[in-house]
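Student: Could you walk me through this model? I would like to learn how its descriptions are reached.

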Amino acid sequence: MKHRTFFWFFLPTGLAMVLFIAAPIVSVLIQSVFAPHEAVFVTVENCGPFGCVQETTIDQAATQELREAQPLGRFVGLDIYLDRGHLALAEMGEAWRSSDSLGGFFAELRDLPFYGAMAFTLTYTFVCTPLLIALGLVIALAVNTLTQRLKGLVIFFSLLPMIVTPLVGSLILFWMIDSRGVLGTFLAYLAGDPDLSLKASTPLMWISIIIYGIWSSAPFAFVVFYAGLQTLPQDQIEAAQIDGATRWQQVRFVVIPHLMPLVTFVALIQLMDNFRVFEPIVGFNASAHATSLSWIIFNDLGGETRQLSAAAATSVMTIIGVAILLSPVLVRTWRDFRGKT
Amino acid sequence: MASEAQRPPLSLRLATNGFIVVWLILAAFPFLWTFWGSFKVELDFFSIADWTNALTGTNTRETHGSAFTLAGYEGAWVQEEFWRNVINTFIVCFFVVLTSLTIGTLGGYALSRSGFKYVFWLLIIALIFRAMPPITLVAGYMLPFFEWNIWGILPTTIIVLVAINQPFTLWMLHSFFQNIPKELDESAKVDGCTQFQAFRHVIVPVMWPGVITTGLFSFLLAYNDFAVTSMLLSESNRTMVPEIAAFLGTTYTEGNVMFAVAAVVSATAPLFVLVMFFQRQIVSGLTAGAVKG
């Protein structure tokens, strides 16, 4: 295909991506180094019959004019990144000096919004991913032994947790584990504590959000592994059987090595997707116990006071996080490409 | 095909089947439970006294005279006018799928037919864009959209969702088009067609399986999106998902949780039907990228 033809074919999609993905990234970068203008104050001296009084008021007209002249705000460099809502270097140093043990330091760190969100985001990402891969693998192995007709039915129900809107899925689970819901009642009965409530406990909240994460993503791993099992070379299994391999050894030394490229694929995709965990925090109404980077951005953007600069700074840091998680994927794609040509 | 020697022992078969039953309950029970509960009153669905009330509907019978009530649906659809949000969702989904398939097919086709090095880099850039969480882009949209006065309306959201959809659409269609033999359109070009005519008359008639699968995923992305729609749509233009989130804020205080439950069930129903009819395409779409890569 000629360059010219390629250009015209690619133009619409390329334009859409440049305007609505590349440009916003640049715009977020720029916004993150500007802060909104402070109001302009004027001091007026009012002289009346009883002497003169100095009054400081906001000069609405001047403030408005300044905001219109420079809609981005004033340039503050990296200040927003370093403030209390983000990297909080000053508070971190304070915590380091005041706490006597490493544990105490980390406890104080967790109270800072950015580090608290980071702690949950990373825990969620790195706990969910291996567990959902394991669960998906076991489901795939089990479903593979079923008869053809049952397989379709099982796949249908297995797809539901993944296909359903994340916010809706998390609400459905949350209503069940609510202290008045069926699972919540059951758990309270099991624990012998009628006042047991997930909403009141940070560890329980983290666990239930992680369970939601596994529940909603395991089907993806299952479907991918199940497709991989269909291409399993039958002669290798037979050779292993002739060599006297037990069923477990066949799985361990034939099936899993065959699925390994798919495991890597699912792991890389899920690490990136779990890093943006957001909807379950809204659905579980969990922001008092667990926040994520995406949730902080959402929270800054919403409401009456749209804190664009703060949201932009968190966005940039999220993008850096995603880039770190993405780098192995890029290296892999690059290697594949080099291998092909 | 399985010989007698390959048949698993009874204990293993029981364990496998038992595990599948447990997984099916985990996967399906929450949906059934919520569906059943959506026809009850709040005191039954969230029962403090006795959890079996949710099954029998004791309080529902006291209030409404029957064990099932449509009060939640009536509250959501009539009183809170949820149907407006349903219509908005379907407008958004329809145009997102239409636009993103149109421009995505052109782009994906070009990527699959051009052998130059920049194709690889374009695909890599698309992969990077695919990894960006949409919420990180939203901060970048706000200021220009306010400035140009296009914030809050459906067309803006549609275009944004189309753009966010493109990287994934391109990757998927690129791999589908690569499976269509190049000789098809090459021979049409030898016969004197331009590249576009070759695409129009030779490729378009055979591309539908791939396009339908990709379209399904575009639909799901638009339908399931919460971050973009909740930030970019004004209150009167909300789609279903942000409206459900808004219900939560107001209904927990007003004691109308059942409205939200009914809305959640209403929003799940189309997806249920979708999986029922397009299960094969969804499975093939999920595995298309994986098995090859």
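**How the helices and domains meet**

Tutor: Gladly! In this predicted model, helix 1 of chain A passes helix 7 of chain B in a left-handed crossing.

Student: Which residues of helix 7 of chain B make the contact?

Tutor: They are B:Tyr118, B:Val119, B:Leu122 and B:Phe129, and the partners in helix 1 of chain A include A:Phe6, A:Phe10 and A:Ile21.

Student: How do helix 6 of chain A and helix 12 of chain A pack?

Tutor: Helix 6 (residues 113–144) and helix 12 (residues 247–275) of chain A have an angle of about 145 degrees and axes 9 Å apart. Helix 6 passes helix 12 in a right-handed crossing. Among the residues that meet are A:Leu122 and A:Phe126 in helix 6 and A:Val255 and A:Leu259 in helix 12. The contact divides into 17 nonpolar, 5 polar and no charged residues.

Student: What is the area buried between domain 1 of chain B and domain 2 of chain B?

Tutor: About 910 Å², with carbon and sulfur atoms giving 79% of that area. The domain assignment places domain 1 at 9–75 and domain 2 at 81–292 of chain B. Their contact takes 14 residues from domain 1 and 10 residues from domain 2.

How values were computed
Residues are numbered from 1 along each chain as its sequence is written. Chains are lettered from A and ligands numbered from 1 in the order in which they are written. This is a predicted model: local features need pLDDT of at least 70, side-chain atom pairs count only at pLDDT 80 or more; totals for chains, interfaces and linings use all residues. Side-chain values use heavy atoms; hydrogens and water are left out. A crossing is left-handed if the near helix is turned anticlockwise from the far one by less than a right angle, and right-handed if clockwise. Helices (H or I, at least four residues) and strands (E, at least two) are DSSP runs, numbered from the N terminus. Contact means heavy atoms within 4.5 Å. Domain bounds come from an automatic or database domain assignment. Buried area is the accessible area (1.4 Å probe) that two parts lose on being put together, summed over both. Axes are lines fitted to C-alpha atoms, for helices over the stretch in contact, and angles run from 0 to 180 degrees between N-to-C directions. Ala, Val, Leu, Ile, Met, Phe, Trp, Tyr, Cys and Pro count as nonpolar, Asp, Glu, Lys and Arg as charged, and the others, Gly among them, as polar.
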